[in-house]
Amino acid sequence: MSDSSNAKSPSRRQFLTGAAAAGAGAVAAGAARGATADPLITEVQSWASGTGEGVDATPYGMPIRFETDVRRRNVEWLTADTISSINFTPIHALDGTITPQGCAFERHHSGAIEMRKQDYRLMINGLVDTPLVFTYEDLERFPRENRVYFCECAANTGMEWAGAQLNGAQFTHGMIHNMEYSGVSLRTLLEEAGLDAAGDLKDKWVYVEGADASSNGRSIPMEKALDDVLVAFKANGEALRKEHGYPVRLVVPGWEGNMWVKWLRRIEVTDQPVQSREETSKYTDTLANGTSRKWTWAMDAKSVVTSPSPQAPIKHGNGPLVITGLAWSGRGAIKRVDVSKDGGTTWETARLAAPGEKMALTRFYLDTEWNGEEMLLQSRAMDETGYVQPTKAELRDVRGENSIYHNNCIQTWWVKPNGEAENVEVS
Amino acid sequence: GPALAEKLGLGRPALPEEVAAWNLDVSPDGTGLPDGSGSVEEGDALFADYCAVCHGDFAEGVDNWPKLAGGAGTLADKDPLKTVGSYWPYLSTTWDYVHRSMPFGNAQTLAPDEVYAIVAYILYSNDLVEDDFVLSKDNFLDVEMPNKDGFIIDDRESAEAHFWKDEPCMTDCKETVEITMQAAVLDVTPEETKARKVQEMMDATNPA
């Protein structure tokens with residue numbers, strides 16, 4: 001954005017000495033009311049005279065350099081190292097619902113491994129008629145499905161259980177992405193191996209694990225395995241990114257991201273859950289009395305205002321303001337999102353950009369006027385089961401503060417008269 | 001069972017040695033455990049060589065790396081210490097995870113006897129066995145894990161049934177609203193990066 005209230009462009013020197021910096025952004029809204037002609041219009045600009053890049057310059061493109069801030073970021077103090085760690089999707093800067101793969105968050109337990117399709121093998125074993133081995137090419141010959149789903153880390157917002165910690169929607173809510181997956185239903189692959197040997201399927205499980213050193217093994221009940229789980233090899237139209245499981249990952253709609261096993265190498269039909277490290281030591285939720293919930297698979301209804309937010313302050317001054325954000329539920333489609341500007345005292349129902357889809361991100365907008373007043377911005381999602389996103393106090397009443405995972409509380413941003421926003425808790 | 005779909009004939013049968021190479025998981029009832037054994041004493045030496053640099057000589061943890069021992073009786077505290085001894089419900093998980101995924105950065109290098117020994121040492125570090133204990137496939141299920149009954153199956157649909165509401169409050173929902181906590185006070189968010197500053201400079205400067 002340029003500061004067009006100046007008759008002449010601010011020079012680089014002026015900018016670097018700070019003379020123009022105070023005006024940058026704050027008065028941009030005045031462009032249409034300028035008393036003097038805008039040189040961006042009255043003077044022929046270089047892009048309107050010379051030429052741009054040729055079609056051979058960028059066989060596979062990256063975002064324009066002015067968007068370099070829209071990127072994954074990590075928080076060093078959260079984990080012991082960056083190999084078994086997390087980074088965050090820049091949801092504060094995105095719109096719509098589809099997450100660009102290149103800035104979609106990562107969570108690894110032994111790093112992002114590199115595997116060629118030629119080296120890929122998928123095994124199905126255990127209580128099946130015929131244990132099978134598939135190559136990548138085999139998988140592409142099965143009937144295919146396309147579905148859009150969110151993948152939310154069970155620990156998303158987990159740092160906020162005991163208070164307001166991290167100052168930005170990217171950090172508080174960015175362990176999430178939403179992609180269109182192409183792949184084969186897990187049911188199709190299990191049926192190819194034959195489920196007769198499993199007998200009564202209701203009591204059976206599948207144990208899924210990755211090819212990486214951590215393996216990330218998880219147990220999934222057969223009912224879910226035969227319902228909507230996908231073995232996916234494309235996301236948002238192209239191959240999975242290395243860091244998202246190339247060449248094949250599991251997609252487990254509505255369920256915690258840990259179960260979306262990447263670099264999927266084995267599916268075992270078992271007569272009991274394995275009770276692996278990732279479903280005992282981790283991804284179990286300790287309550288105030290010291291007992292812990294296990295198998296908390298579904299991600300409950302949740303939402304967050306992505307703008308304004310701490311990383312996306314209001315810079316345009318008073319007048320029309322777009323309040324926007326994301327809502328999602330692992331139990332079904334979002335049917336409504338309410339927004340409050342006064343910390344939950346009064347609510348307005350926001351506009352959904354499109355009808356909610358099951359277990360997928362939903363974009364909401366509240367088109368409003370802002371006149372410099374302080375706001376305590378909140379959003380509250382409702383899904384088709386009638387579940388209403390709770391406050392943090394309501395969650396703590398049931399769970400205490402040590403659950404680590406599954407924090408789907410209502411988020412509050414304190415928008416100040418200067419347009420800046422801060423992560424806060426309110427009574 | 002469900003109606004069987006017609007098979008496409010894709011893939012090929014897995015060979016027994018292939019299944020054996022990848023099917024390593026061990027379940028709480030001992031399914032999957034290989035033959036073998038290892039003592040606390042052997043485990044102490046192995047732990048010193050392969051594990052202690054991150055997990056400490058006594059499995060107490062170094063820096064931010066996981067603590068494997070300690071924390072007994074802390075699960076209801078303000079800051080619980082969740083370790084193999086204080087938290088993990090099944091010994092099978094320890095065997096399975098160490099065998100398949102540890103040491104970090106050099107996984108799948110431990111032989112079954114070595115894993116039995118290291119698991120025995122972790123038990124000893126948690127004061128759950130004596131220093132002359134030998135863990136084997138035969139006595140594996142005799143070990144009592146202190147928190148084996150500490151888990152309940154997801155009960156949100158009953159314990160949190162009140163989150164399912166016909167119609168939430170829309171007006172006059174609170175009498176007062178006070179800010180009770182601010183992230184800026186903690187100030188632990190990463191500083192704005194160089195890239196951000198470069199971008200702001202580009203935004204503010206015309207490309208003349």
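## A negative patch on chain B

On the surface, a patch of negative charge brings together Glu41(B), Glu42(B), Asp44(B), Asp57(B), Glu60(B), Asp113(B), Glu130(B), Asp131(B) and Asp132(B). Patches are made of residues with over 30% relative accessible area and no salt bridge, with like charges joined within 9 Å and nonpolar side chains (Val, Leu, Ile, Met, Phe, Trp, Tyr) within 5 Å. A salt bridge is a side-chain nitrogen of Lys or Arg within 4 Å of a carboxyl oxygen of Asp or Glu. Asp and Glu count as negative and Lys and Arg as positive, while His and the chain ends are not counted. The place of a charge is taken as NZ of Lys, CZ of Arg, CG of Asp or CD of Glu.

Helix H2 (residues 40–50) of chain B gives the most to this patch, with three residues. Helices (H or I, at least four residues) and strands (E, at least two) are DSSP runs, numbered from the N terminus. Asp57(B) lies in the loop between helix H3 (52–55) and helix H4 (91–101) of chain B. Asp57(B) counts as partly exposed because its relative accessibility is 48%; buried means under 20% relative accessible area, exposed over 50%, and partly exposed in between (1.4 Å probe, protein chains only).

## Basis of the model

The model is predicted: local features need pLDDT of at least 70, side-chain atom pairs count only at pLDDT 80 or more, and totals for chains, interfaces and linings use all residues. Residues are numbered from 1 along each chain as its sequence is written, chains are lettered from A and ligands numbered from 1 in the order in which they are written, and side-chain values use heavy atoms, with hydrogens and water left out.

## An open sheet in chain A

Four strands of chain A form an open sheet with antiparallel pairing, in the order E15-E16-E20-E19. Strands E15 (302–307) and E19 (351–352) of chain A stand at the edges, each with a single partner strand, so one side of each has no neighbour in the sheet. Two strands pair if DSSP finds at least two bridges between them.

Strand E16 (residues 319–328) and strand E20 (residues 362–370) of chain A pair in the antiparallel sense over nine bridges. Within E20(A), Thr368(A) stands opposite Leu321(A).

## A largely enclosed helix

Helix H5 (residues 186–193) of chain A is largely enclosed by the rest of the structure, because six of its eight residues are buried. These buried residues are Leu186(A), Leu189(A), Leu190(A), Glu191(A), Glu192(A) and Ala193(A). Just after H5(A), Gly194(A) takes a positive phi of about 90°.

## Backbone features in loops

Most residues other than glycine have a negative phi, and most peptide bonds are trans. A cis peptide bond, with omega about 0°, joins Ser307(A) and Pro308(A). Pro308(A) is found in the loop between E15 and E16 of chain A. In chain B, the peptide bond from Met102(B) to Pro103(B) is cis, with omega near -5°. Pro103(B) is found in the loop between H4 and helix H5 (112–125) of chain B.

Asn216(A) has a positive phi, near 50°, and lies in the loop between strand E7 (205–210) and strand E8 (218–221) of chain A. Asn216(A) is buried, with a relative accessible area of 10%. Gln275(A) has a positive phi near 60°, and its place is in the loop between strand E12 (264–270) and strand E13 (285–286) of chain A. Gln275(A) counts as buried at 5% relative accessibility.

Terms used. Areas by Shrake-Rupley, 256 points an atom, 1.4 Å probe, with all protein chains shown as cover.
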